[in-house]
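Reader: I would like to go through this model by question and answer. Please show the sequence and the structure first.

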There are 4 protein chains.
Amino acid sequence: MAKQQSRTLSPFQQRWHNIIFEANTPAGKAFDVALLIGILLSVVVVMLESVVTVQLRYERLLTSLEWIFTALFTLEYLFRVWCSYRPGAYMKSFYGVIDLLCILPTYVEFIFGGAHFLLTIRILRLLRIFRIFKLVPFLNESRQLTLALTHSRRKITVFLFFILLMTVVLGSLMYVIESGHNSGFTSIPVSVYWAVVTLTTVGYGDIAPITPLGQAFSAMIMIMGYAIIAVPTGIVTVEMSKLKGEEEVDQRICPHCMREGHDANADYCKYCGTKL
Amino acid sequence: MAKQQSRTLSPFQQRWHNIIFEANTPAGKAFDVALLIGILLSVVVVMLESVVTVQLRYERLLTSLEWIFTALFTLEYLFRVWCSYRPGAYMKSFYGVIDLLCILPTYVEFIFGGAHFLLTIRILRLLRIFRIFKLVPFLNESRQLTLALTHSRRKITVFLFFILLMTVVLGSLMYVIESGHNSGFTSIPVSVYWAVVTLTTVGYGDIAPITPLGQAFSAMIMIMGYAIIAVPTGIVTVEMSKLKGEEEVDQRICPHCMREGHDANADYCKYCGTKL
Amino acid sequence: MAKQQSRTLSPFQQRWHNIIFEANTPAGKAFDVALLIGILLSVVVVMLESVVTVQLRYERLLTSLEWIFTALFTLEYLFRVWCSYRPGAYMKSFYGVIDLLCILPTYVEFIFGGAHFLLTIRILRLLRIFRIFKLVPFLNESRQLTLALTHSRRKITVFLFFILLMTVVLGSLMYVIESGHNSGFTSIPVSVYWAVVTLTTVGYGDIAPITPLGQAFSAMIMIMGYAIIAVPTGIVTVEMSKLKGEEEVDQRICPHCMREGHDANADYCKYCGTKL
Amino acid sequence: MAKQQSRTLSPFQQRWHNIIFEANTPAGKAFDVALLIGILLSVVVVMLESVVTVQLRYERLLTSLEWIFTALFTLEYLFRVWCSYRPGAYMKSFYGVIDLLCILPTYVEFIFGGAHFLLTIRILRLLRIFRIFKLVPFLNESRQLTLALTHSRRKITVFLFFILLMTVVLGSLMYVIESGHNSGFTSIPVSVYWAVVTLTTVGYGDIAPITPLGQAFSAMIMIMGYAIIAVPTGIVTVEMSKLKGEEEVDQRICPHCMREGHDANADYCKYCGTKL
């Protein structure tokens with residue numbers, strides 16, 4: 001990315017670039033705040049459209065508003081591409097993809113009915129809020145959280161893979177035990193769904209065992225799930241505590257050997273003995 | 001606060017101040033114990049008022065008791081203001097606001113029916129219990145818990161913000177999938193409510209997916225939520241373990257270099273070698 | 001306890017003491033194993049008595065068995081008192097109280113019907129299993145778990161106290177919001193029960209909000225509960241990790257200054273410099 | 001195992017051994033990938049067989065496919081035994097047992113109807129996926145997870161034992177309280193099942209307390225369970241953080257004193273001062 005050549009913008013484009021992409025100037029800040037408000041309003045409009053009583057009374061108003069918001073966001077997207085230093089990079093970036101996804105459903109609606117309800121994905125654009133309001137400490141925290149989850153990515157993948165295998169096996173067993181006595185366990189896929197609902201301790205109760213053997217077996221699954229739920233928590237906690245340590249340590253740099261990673265209470269560099 | 005001038009109280013006011021605000025004298029202790037009992041009784045009265053069978057038989061008694069308690073607590077509030085060194089500071093303090101909120105609902109009842117049930121907020125006045133009975137170790141513990149939560153405030157805010165965005169997106173997706181087949185997912189706001197119920201593993205079951213696609217998608221959400229629930233636990237655990245460390249260490253100060261942070265079992269200052 | 005004079009037992013009593021209280025001799029071991037089997041059987045009998053279909057067919061057999069087991073356990077209890085070195089101490093000990101509670105319900109049955117179902121408390125006598133089979137490592141683990149919970153006792157008390165106050169306030173608020181629209185929230189105590197069910201993420205669904213405001217408010221409570229559930233986990237984890245540390249360290253004692261608490265990898269005593 | 005003499009294979013057997021047991025050669029890799037696809041397909045077939053609407057239309061096709069897959073897997077199993085260096089060791093190994101269990105249900109079906117649904121156990125064969133695709137880091141992670149769970153095995157056993165005793169006692173108490181008023185608590189075993197559902201915070205709601213006393217008692221159980229759920233999490237987290245430490249440390253060995261356990265950033269051996 002860094003080596004990619006960025007194109008030259010005209011002064012006009014540059015002015016707009018600063019307004020749209022940066023939040024340093026009053027105009028840029030005003031634009032961003034207006035954008036956030038627009039996003040929130042457009043999500044509220046889509047939500048209200050789904051409420052039957054509201055929809056019946058304000059159908060025309062809500063549809064118009066949806067089209068206006070979509071038009072505005074489409075315009076904004078084109079503008080962003082137009083005044084970007086590297087349009088391709090923007091379009092392929094996380095925010096670029098989100099920005100595009102946030103206008104598509106209205107158009108897709110012509111082909112698949114109901115698609116426009118997916119416009120609520122616009123709410124993800126609110127993620128910009130941290131950057132816009134320079135909530136640096138919050139940005140740091142979110143970066144740390146992301147880092148901890150990234151570090152534990154592999155462990156959690158392995159864990160979820162085991163859980164998946166287990167739910168299939170447990171669900172099938174319960175299907176063999178309960179089907180015929182219970183109208184809930186209609187097929188193995190449904191029983192696997194039940195196993196997921198149970199192991200994650202969500203427990204809707206839409207499907208529940210009724211045979212004594214099924215209840216005994218479920219109780220065993222739950223108690224097992226009790227110990228299993230501890231695993232992802234353990235993974236993330238350990239990752240976070242490691243991160244925490246790094247964060248505390250990562251502050252002083254030895255003036256001589258330029259290395260970091262000193263304990264918070266050290267007076268001398270532990271690598272070369274220079275006074276810190 | 002410390003620099004704010006406090007007014008001079010008359011000896012009569014001072015005597016009452018000691019009784020009402022302090023718990024050192026027998027009279028003060030007796031007042032506080034009577035107050036705690038009064039609070040508990042008044043909350044029980046309000047609770048019983050809400051039970052239809054009790055309400056029908058003892059309506060007059062309960063209403064009278066409610067008025068008596070409200071009158072007493074109003075009197076107590078005025079007394080507290082009157083014999084306080086800094087009435088303004090008291091009124092704006094946490095306990096001052098609670099004390100006021102605990103008498104308002106009875107009066108608001110004239111305007112909004114049902115408001116007097118909010119009198120159960122009086123139970124929050126029981127928080128004074130730690131101070132009154134000098135449960136210092138418990139006070140310490142609660143201060144530590146509060147501290148750990150305060151330290152992890154920002155991380156938890158960021159986390160809850162993501163959760164909020166996610167529930168809106170997931171809820172909308174489920175609405176598109178399930179509505180039309182399922183009488184539960186009546187609108188996007190309701191579907192968002194369902195997403196919250198599911199992600200937090202509460203799982204009432206008042207709304208549950210019934211289409212195969214909806215069940216498969218819910219299962220994915222739950223397994224995801226399984227890993228996500230680990231995040232706040234990780235945050236708080238790490239904060240607490242840091243605190244724990246500080247608490248153990250924070251006790252001795254080197255008589256020579258005046259620095260603290262020694263290990264609990266150290267005999268000599270690790271910064272200057274002085275005997276601790 | 002240690003200073004308390006223990007009475008002298010006759011050789012006959014002493015022999016029985018060894019059989020009943022100790023598990024070193026073959027006779028003692030046989031007695032203990034027979035006891036464990038008896039306990040399990042008697043619990044199964046009580047459980048079967050509660051199953052209507054079984055009860056109808058085998059009423060006489062089950063009632064007889066219950067009486068036989070109660071008679072045997074009563075005899076055993078009297079024997080234990082009789083051949084104990086300090087009968088008073090035994091009777092007041094944890095196991096002594098359990099042993100008594102395990103025979104009482106059959107007799108109490110004459111006064112309160114249904115009391116004999118409480119005989120399942122006998123299952124607690126299985127706790128002896130660790131001692132009988134000399135499962136020392138398991139005993140150690142259970143001692144550690146108990147220790148960790150004991151250490152976090154105060155923090156958890158404070159935490160549960162806050163949770164209690166919160167459920168009362170939240171339950172009342174939900175009662176004001178939902179009652180009148182929802183047949184579930186019939187009174188404040190029931191609403192408090194709902195708040196507990198929700199905050200602990202159990203979520204039966206027997207009572208669930210139906211008004212939009214109620215659902216929105218519940219969603220907030222759940223998300224809050226999401227962060228709150230992290231607190232006890234954090235408390236216990238930190239306590240356990242401290243214990244873990246002690247456990248690793250607690251092994252070597254300095255031959256010179258007789259102090260312990262050395263790091264696992266230390267070669268010299270950190271208090272006096274003696275080679276460990 | 002290591003000392004056990006392995007038999008000599010003919011070149012023909014050896015070639016097949018490499019194809020079936022190893023994934024280094026193109027043929028071996030192709031075999032393994034085909035196997036994974038076959039496993040997935042056969043599980044999907046079994047799942048579809050359980051869905052009534054699908055079963056009605058494609059019964060013949062699905063039954064044929066099931067028999068074909070079973071035949072193939074039986075052949076594969078015999079081949080594995082035939083070209084194994086130590087057939088006995090393979091048959092007694094984890095994968096050998098799974099491989100056998102994955103073909104049995106089709107044959108058992110003749111004796112017990114419905115048994116063939118247990119064929120979904122085949123999904124466990126997917127565990128080979130890590131080895132086949134040389135997902136070494138994932139293998140490491142899964143080994144670590146297994147290690148953490150193995151280390152905490154005893155603590156979790158003790159914990160689950162207590163939970164079991166507790167659910168029996170709590171279930172019986174609730175049976176005494178609720179039975180007669182509530183059609184859910186039909187017997188003590190069912191009430192124990194309810195106690196497990198509640199303590200693990202699954203909370204189906206198929207059985208829920210309705211008497212005031214029962215609700216109050218349940219609320220207490222839930223709040224208690226709130227603190228209890230912290231215990232396994234604490235156990236696993238502590239085990240994992242210990243492991244984590246070992247993992248970081250366990251890498252360099254002092255060339256002089258041959259000891260390990262150095263900090264990741266140490267330059268000199270802390271036992272003998274040799275440059276690492």
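This is a predicted model: local features need pLDDT of at least 70, side-chain atom pairs count only at pLDDT 80 or more; totals for chains, interfaces and linings use all residues.

Reader: What secondary structure does chain A contain, and what share of its residues is buried?

Author: Chain A has 12 helices and 0 strands. Contacts between residues 24 or more positions apart make up 56% of those in chain A with a separation of 6 or more. Of the 276 residues in the chain, the share that counts as buried is 49%.

Reader: Which kind of axis relates chain B to chain A?

Author: Chain B is superposed on chain A by a rotation of 90° with 0.0 Å of shift along the axis, at an RMSD of 0.1 Å. That relation therefore belongs to a four-fold axis.

Reader: How many of the contact residues of chain B recur in chain A, as a percentage?

Author: The two copies use different surfaces. The recurring part of the contact residues of chain B is 15%.

Reader: Which residues line the largest cavity?

Author: The structure holds 6 cavities of 30 Å³ or more, and the largest cavity has about 160 Å³ of space. Its lining includes A:Thr201, B:Thr201, C:Thr201 and D:Thr201.

Reader: Which side chain of opposite charge is nearest to C:Glu49, and how far away is it?

Author: C:Glu49 lies in helix H2 of chain C, residues 26-50. C:Glu49 touches residues including C:Gln55, C:Glu66 and C:His116. A salt bridge needs a distance within 4 Å, and buried C:Glu49 has none. The nearest side chain of opposite charge is C:Arg122, at 7.9 Å.

Technical notes
Residues are numbered from 1 along each chain as its sequence is written. Chains are lettered from A and ligands numbered from 1 in the order in which they are written. Side-chain values use heavy atoms; hydrogens and water are left out. Helices (H or I, at least four residues) and strands (E, at least two) are DSSP runs, numbered from the N terminus. Buried means under 20% relative accessible area, exposed over 50%, partly exposed in between (1.4 Å probe, protein chains only). Lys and Arg count as positive and Asp and Glu as negative; His and the chain ends are not counted. Contact means heavy atoms within 4.5 Å. Copies are superposed by least squares on the C-alpha atoms of residues with pLDDT of at least 70 in both. On a 1 Å grid over the protein atoms alone, a cavity is a set of points where a 1.4 Å probe fits but cannot get out, and a pocket is an open set with protein on both sides within 12 Å along at least five of seven lines; lining residues have an atom within 4 Å of a point. Grid points are joined across faces, edges and corners, and a volume is the space filled by probe spheres set on the points. Lists of a residue's contacts leave out its neighbours within four places in sequence.
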